[in-house]
Amino acid sequence: MSGRLSNATLAELPAEVLVPRYDRKSVAPGIVHLGVGAFHRAHQAAYVDACLADGESDWGIVGVSLRSPDTRDALKPQDGLYTLAIRDSAGERLQVVGSIQSLLVAPEDPGAVLAALTDPRTRIVTLTITEKAYLRAADGTLDSAHPDIVHDLANPGSPKTAHGFLAESLARRRAAGIPPFTVLCCDNLPANGATLHRLLIEFAKLRDAQTGSGDQPLAGHIADEVAFPSSMVDRIVPATTDTDRARIAGELGLDDAWPVMTEPFRQWVIEDRFPAGRPAWEKFGVTMVEDVGPFEDMKLRLLNGAHSGIAYLGLLSGHATVDRAFADPSIRQFVDWLWAEAIPTLPQDAGLDTSAYTAELAARFSNTALAHRTAQIANDGSQKLPQRIVASALARLEAGLLPEHLSLVVAAWIAACAARGKTLPESHFTDPLDAALGDLFGRDLPTAEMTAAVFDLAGFAKGHAERRKLIEFVATHLVHFKQGGPKLALAALGIGNSNGTAG
């Protein structure tokens, strides 16, 4: 290799590699992004890159890592540049993205992050911090006892959490007479904007009580003056491997410490509430709507729900990637039936084309070029399954319908968690409840009792009238997993029979 990807080496790239079509030096920061991982770089940063190329030069991104310096360490020597490899079974297209102007690591310098958030030029703050970083208790409220929340309440000037950074910067902006930024959540939470809004108000109330804010509470300011539009995001982004790095370097003729792999498909649906302004995202395929709810439900229940089912059944069946699992006839049939259960739980008057959507999903899951690891999707199931699977299952039970396939996904998650250290590697995937689940699995409880205990730990269907019925469905599936693995569990639903119908 002749060098490393950077501003100085862009001119050395092969002609077929797309590069930023704008002067990066003329770009001003307008967006701070919390959680600058691979998904953000494949999705929001790519959309913003298109806006910058269209002349909207005041929307550069300041990327913030809330935990690890890895992304900053990889991209800072590259001036924030990285390669986006858009792959499908027919080939690969390379694009260098330049929208990330600078990178900060919160634990190293929280003051620098607060300065970026308080900068009057910052008008939007976006987040992809994963479900677990919202620090919710089992009932969905803010986990006020979490050590990081306790720390942030005691140390508002050096926060650790997204809540702490948002609250402190909004307080500083108000004190300085700077209008608040818009907070745009891009994580897979139900009603993600409204959810984050509620959690931040809860945090601000605790902060107000601790700081004695008098007749100008921060919570009221956040409730009344700060916009939190909800959004739905979709693009499959597998973890980058060393093989990927070597291949991309060979095609570029330059080293790239952290290229990002993705698929051609991308989708972003956003509620159009941006008092401080926004990029013209709609020019580049973003759907601006009044209510994102129906689109979000369709994505969570059909894409993400199927992904979870594929991941856990795939792991238990020995399939390392989504395309291999989806090529398994039994898992393929299961997904079709899972969709058939979930689709009736979606809004029927929102104009959703579920037939076209699931056909597109099937093509995406079959993409052999992505190598999307089932173990990657399997992470954090206790945080993901409530909105992906449990909500649909409860809706079916409320309607007097059976959630046979939906409930099997919950059972497959439990079975996969229990299989680690046995038929699966010890740390093959992780979950915030791993310690508690390990203790529970070690007690050798009857299946029904153990299933109820897992529901208690995860807060699944807490307080719901149909909770007991859902536990019974999951426990029945778990018995089949224990007796004969995924083959028996699927066969009990008529999947894998020679005639391809329920038996």
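**Figure 1. Aspartate 79, a partly exposed loop residue.** At 33% relative accessibility, aspartate 79 counts as partly exposed (buried means under 20% relative accessible area, exposed over 50%, and partly exposed in between, with a 1.4 Å probe and protein chains only). Look for aspartate 79 in the loop that links α3 (70-75) to β3 (82-88); helices (H or I, at least four residues) and strands (E, at least two) are DSSP runs, numbered from the N terminus. Although aspartate 79 is not a glycine, its phi is positive, at about 60 degrees. Most residues other than glycine have a negative phi. This is a predicted model, where local features need pLDDT of at least 70, side-chain atom pairs count only at pLDDT 80 or more, and totals for chains, interfaces and linings use all residues. Residues are numbered from 1 along each chain as its sequence is written, and side-chain values use heavy atoms, leaving out hydrogens and water.

**Figure 2. Aspartate 380, a buried loop residue.** Aspartate 380 sits in the loop between α14 (374-378) and α15 (381-398). Is aspartate 380 buried or exposed? With a relative accessible area of 9%, aspartate 380 is buried.

**Figure 3. Glutamate 466 and its neighbours.** You can find glutamate 466 in the loop between α18 (447-458) and α19 (467-491). Glutamate 466 counts as buried because its relative accessibility is 15%. Leaving aside residues up to four places away in sequence, glutamate 466 touches Leu394, Leu397 and Glu398 (contact means heavy atoms within 4.5 Å). Glutamate 466 and glutamate 398 are 68 residues apart along the chain, yet their C-alpha atoms are separated by 7.1 Å.

**Figure 4. Inside the largest nonpolar core.** A nonpolar core is a set of buried Ala, Val, Leu, Ile, Met, Phe, Trp, Tyr and Cys residues joined through side-chain atoms within 4.5 Å. The largest one here has 68 residues, and Phe334, Phe365 and Trp413 have the most contacts inside it. Helix α16 (residues 404-419) gives the most to this core, with 12 residues. Zoom in on phenylalanine 365: beyond residues up to four places away in sequence, its contacts include Leu303, Ile310, Phe326 and Trp339.

**Figure 5. A second core.** This separate core has 40 residues, including Val64, Leu153, Ile201 and Ala204. In soluble globular proteins, nonpolar side chains tend to be buried together. Stepping back, buried residues make up 57% of the 503 residues in the protein.
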